[in-house]
Amino acid sequence: MLNFAGAVLGSHVTAPTPTSAPWDPLPTVAYNGGVIMLSPELAGFNDRRFGDFATGNVLHTGLDVLVAEAEERTPWITELWNGVDACDAACPTFAFCGGAHAANRYFEHDGRFDATRTRCCTTAKIALLEGVTRHVREHRP
């Protein structure tokens, strides 16, 4: 955190933003073999638009295939990336935050993944960055 804040205060190039790095699918296998990408918190939930959020089922398709084809098989991931892009365009702390977590977007924004700021992002990322940055500014040698 301090290294990130120092880079921002010094106007240095920071580490690659999350959207410029390969994404980590973080596959979660549910009790029934359903595989939920990116957000284990969505396992066990159903949505009228997205069903059970699963990319597929390991009882029928190999995990390697499900991971490789996740974006094509999982419509909500496209909506999530649209929200992450919106955060990137609008939020000055995006390079630190990375665009919030999928489950927070979904549950805090009435089932939408393309919404932007979440309470989780505000309190766990933005407030942290602002607090550390303010402390560094106030205590510079």
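1. Let's start with Phe45: its relative accessibility is 40%, so it counts as partly exposed. This is a predicted model, by the way, so please read everything below as computed. The cut-offs explain the label, because buried means under 20% relative accessible area and exposed means over 50%.

2. Phe45 has a ring partner, Phe107, and the two form an edge-to-face aromatic pair, with 5.0 Å from centre to centre and 65 degrees between the planes. Phe107 is partly exposed too, with a relative accessible area of 43%. What does this pair tie together? Phe45 sits in the loop between strand 2 and strand 3 (56–57), while Phe107 belongs to helix 6, so the pair links parts that are 62 residues apart in sequence.

3. A search of the whole structure turns up 9 aromatic pairs. One aromatic cluster is made up of Phe45, Phe50, Phe53, Trp76, Tyr106, Phe107 and Phe113. Keep Phe53, Trp76 and Phe113 in mind, as these names come back in the next point.

4. Now for the core. The largest nonpolar core holds 19 residues, and those touching the most other members are Met37, Leu42, Phe53, Trp76, Leu80 and Phe113. Strand 2 (34–36), helix 4 and helix 6 are the elements that give two or more residues to this core. Helix 4 gives the most, with 5 residues. As background, nonpolar side chains tend to be buried together in soluble globular proteins.

5. Helix 4 deserves a look of its own. It covers residues 75–90, 16 residues in total, and reaches 24 Å from its first C-alpha to its last, close to the 22 Å expected at 1.5 Å a residue. Which of its residues are buried? They are Trp76, Ile77, Glu79, Leu80, Gly83, Val84 and Cys87.

6. Leu80 gives a residue-level view: not counting residues up to four places away in sequence, Leu80 touches Leu38, Ala102, Arg105 and Phe113.

7. Cys87 is also in helix 4, and at 8% relative accessibility it counts as buried. Leaving aside neighbours within four places in sequence, Cys87 is in contact with Phe94, Gly99, Arg105, Thr116 and Arg117. Take Gly99 from that list: it is 12 residues from Cys87 along the chain, and their C-alpha atoms are separated by 5.7 Å.

8. Finally, the overall picture. The secondary structure comes to 7 helices and 3 strands, and from the N terminus the elements run α-β-β-β-α-α-α-α-α-α. Of the 141 residues, 36% count as buried. Among contacts with a separation of 6 or more, 51% are between residues 24 or more positions apart. The protein exposes about 8300 Å², and carbon and sulfur atoms supply 55% of that area.

Technical notes
Residues numbered from 1 in each chain as written. Predicted model: local features only at pLDDT ≥ 70, side-chain atom pairs only at ≥ 80, totals over all residues. Heavy atoms only, no water. Helix = DSSP H or I, 4+ residues; strand = E, 2+ residues; numbered from the N terminus. Expected span 1.5 Å × (residues − 1). Buried < 20%, exposed > 50% of the residue type's maximum accessible area, 1.4 Å probe, protein only. Core = buried A, V, L, I, M, F, W, Y, C linked by side-chain atoms within 4.5 Å. Contact = heavy atoms within 4.5 Å. Areas by Shrake-Rupley, 256 points an atom, 1.4 Å probe, with all protein chains shown as cover. Phe/Tyr/Trp six-rings, centres within 6.5 Å; stacked < 30°, edge-to-face > 60°.
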